[in-house]
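Work through the following exercises with the coordinates open beside the text.

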Amino acid sequence: MDQPHKFAFIDSALSERAQRQHMRSLSSLQPDDAVHVRKKGKILLNFSSNDYLGLSKHPMLIDAVCADARHYGTGATASRLVVGTYDIHQQLEAQFAAACGRDTALLFSSGFQANATILPALVDRQSLVLCDRLVHSSLIQGILSSRARFSRYRHNDLEHLETLLRRAIDRPYQRILIATETLFSMDGDRSDVTALAQLAQRYNAILYLDDAHALGVYGKHGMGLAAHHEGVDIVVGTFGKAFGSFGAVVTCAQAIRDYLINRCPGFIYTTALPPPIVGAIAAALDLMPTLDHERQMLLQMAYYVRQQLQQLGYDTGASDSHIIPVRVETEQRALQLADWLETGGILAAAIRPPTVAPGTARIRISLSSRHTADHIEQLINRIRVWNPSESPS
Ligand SMILES: *Cc1c(COP(=O)(O)O)cnc(C)c1O
């Protein structure tokens with residue numbers, strides 16, 4: 001008897017992806033400096049990186065990495081609860097919490113791991129989770145594996161959220177948790193943290209905020225949109241973006257931190273962050289208060305770019321940040337525009353479904369404080385002369 005090939009599901013998934021032109025693949029680059037990369041030998045101006053302050057190439061971070069590697073070694077050798085907690089982990093957590101005006105902080109290996117594993121530790125089958133329709137995949141993973149009931153409210157529509165809260169309050173849920181992002185990764189628009197905190201308080205809900213793209217860029221000394229904020233229970237920040245390195249952090253009350261150390265598998269059963277990474281994060285944290293000018297320039301530049309794009313007739317959605325979608329609707333157009341930019345020496349990734357909703361394909365432009373006025377003109381000029389009807393399809 002002929003048995004089906006045991007990996008037939010892989011062939012069919014891949015061919016389905018290919019047929020719908022959703023096939024994804026990796027291409028490799030070499031970084032040149034904070035805003036340039038080399039692709040197949042060609043230097044490209046990079047508008048796709050999340051290194052919003054150029055810190056991944058900062059000499060102070062690189063020196064800290066080398067110093068901590070020499071002093072502590074390249075790896076932490078164990079999980080935090082075994083022998084992987086060094087003084088530098090504890091110091092970084094205390095400093096980070098203080099800088100955010102929050103009780104405590106706890107390091108995680110990555111933002112994905114934090115969201116995917118903290119949420120299931122906080123909610124269960126008897127709980128309800130309400131999240132924004134556009135939240136990051138890692139939050140959805142966490143919610144799904146918690147087995148909580150969940151509904152998504154319309155993007156940034158707090159009236160819709162309140163309707164769902166009002167409906168939920170008479171039901172026998174043990175807990176209600178609201179999860180959203182402070183600055184949306186694909187749209188560059190922000191949540192109203194104050195209003196969310198009020199709603200959470202009014203309905204006795206836990207408020208869980210993902211500050212990944214705001215950390216380093218917004219808030220006092222760049223400590224994020226959720227820092228120094230009353231009524232926010234749990235905040236996740238990531239260090240792979242404006243902090244220029246890797247890893248993540250959650251800030252919360254002492255009891256919640258204790259609880260996570262005891263009950264969150266994604267914290268317990270994984271190796272502690274490597275000392276050189278801890279060094280890089282600590283150096284970035286030291287630099288944060290000195291970068292107010294860079295942040296201001298970045299946001300001014302973002303305002304200018306949005307204005308220019310709008311004048312060219314492009315829809316930049318609700319963005320009011322350094323993350324700027326250039327919406328072109330169809331996937332094909334997004335890919336054509338990305339190709340057009342790349343031919344002109346500019347790297348800006350096409351973002352298409354399923355990462356974003358069908359019909360909202362776009363180029364995602366992310367700006368860095370290291371981009372110059374000249375870089376911005378190159379970008380705008382290249383987009384200005386794009387003629388979609390002439391692009392080969
Ligand atoms: C990037 C990102 C994450 C994941 O963080 P990593 O540290 O890269 O795993 C989580 N949430 C949001 C909103 C993100 O943009």
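A salt bridge is taken here as a side-chain nitrogen of Lys or Arg within 4 Å of a carboxyl oxygen of Asp or Glu. The model is predicted, and local features need pLDDT of at least 70, side-chain atom pairs count only at pLDDT 80 or more, while totals for chains, interfaces and linings use all residues. Residues are numbered from 1 along each chain as its sequence is written, and side-chain values use heavy atoms, with hydrogens and water left out.

**Exercise 1. Salt bridges across the sequence**

Determine which parts of the chain are tied together by the salt bridge of Arg190 with Asp320, and by that of Asp187 with Arg362.

Step 1. Arg190 and Asp320 form a salt bridge in which the closest N and O atoms are 3.2 Å apart. Arg190 lies in the loop between S7 and H8, and Asp320 in the loop between helix H12 (292-311) and strand S11 (323-329), so this pair links parts that are 130 residues apart in sequence. Helices (H or I, at least four residues) and strands (E, at least two) are DSSP runs, numbered from the N terminus.

Step 2. For Asp187 and Arg362, the closest N and O atoms of the salt bridge are 3.3 Å apart. Since Asp187 sits in the loop between strand S7 (175-181) and helix H8 (193-202) and Arg362 in strand S14 (residues 361-366), the pair ties together parts that are 175 residues apart in sequence.

Step 3. Asp187 is buried at 12% and Arg362 is buried at 2%, whereas Arg190 is partly exposed at 33%, as is Asp320 at 33%.

Step 4. By the stated rule the count comes to twelve salt bridges.

**Exercise 2. The ligand site**

Which residues are closest to the ligand, and how many residues surround the ligand?

Step 1. The shell holds 13 residues, the closest being Gly111, Phe112, Asp210, His213 and Lys241; a residue is near the ligand if one of its heavy atoms lies within 4 Å of it.

Step 2. Sort the shell by type: two residues are nonpolar, eight polar and three charged. Here Ala, Val, Leu, Ile, Met, Phe, Trp, Tyr, Cys and Pro count as nonpolar, Asp, Glu, Lys and Arg as charged, and the others, Gly among them, as polar. Helix H5 (residues 111-122) supplies the largest share of the shell, three residues.

Step 3. List N and O distances to the ligand. A backbone N or O atom of Gly111 is 2.7 Å from a ligand oxygen atom, a polar backbone atom of Phe112 is 2.9 Å from an oxygen atom of the ligand, and a polar side-chain atom of Asp210 lies 2.5 Å from a ligand nitrogen atom. Taken alone, the ligand exposes 380 Å², of which the protein buries 84%; these accessible areas come from the Shrake-Rupley method with a 1.4 Å probe.

**Exercise 3. Backbone geometry**

Find where Arg147 and Asn156 lie, and state the phi of each.

Step 1. Arg147 has phi near 65 degrees, a positive value in a residue other than glycine, and is placed in the loop between helix H6 (137-146) and strand S6 (149-153). At 55% relative accessibility, Arg147 counts as exposed.

Step 2. Asn156, also not a glycine, has a positive phi of about 55 degrees and belongs to the loop between S6 and helix H7 (158-168). At 27% relative accessibility, Asn156 is partly exposed.

Key. Polar contact = N/O pair within 3.5 Å; in protein donor to acceptor, adjacent residues only side chain to side chain. Buried < 20%, exposed > 50% of the residue type's maximum accessible area, 1.4 Å probe, protein only.
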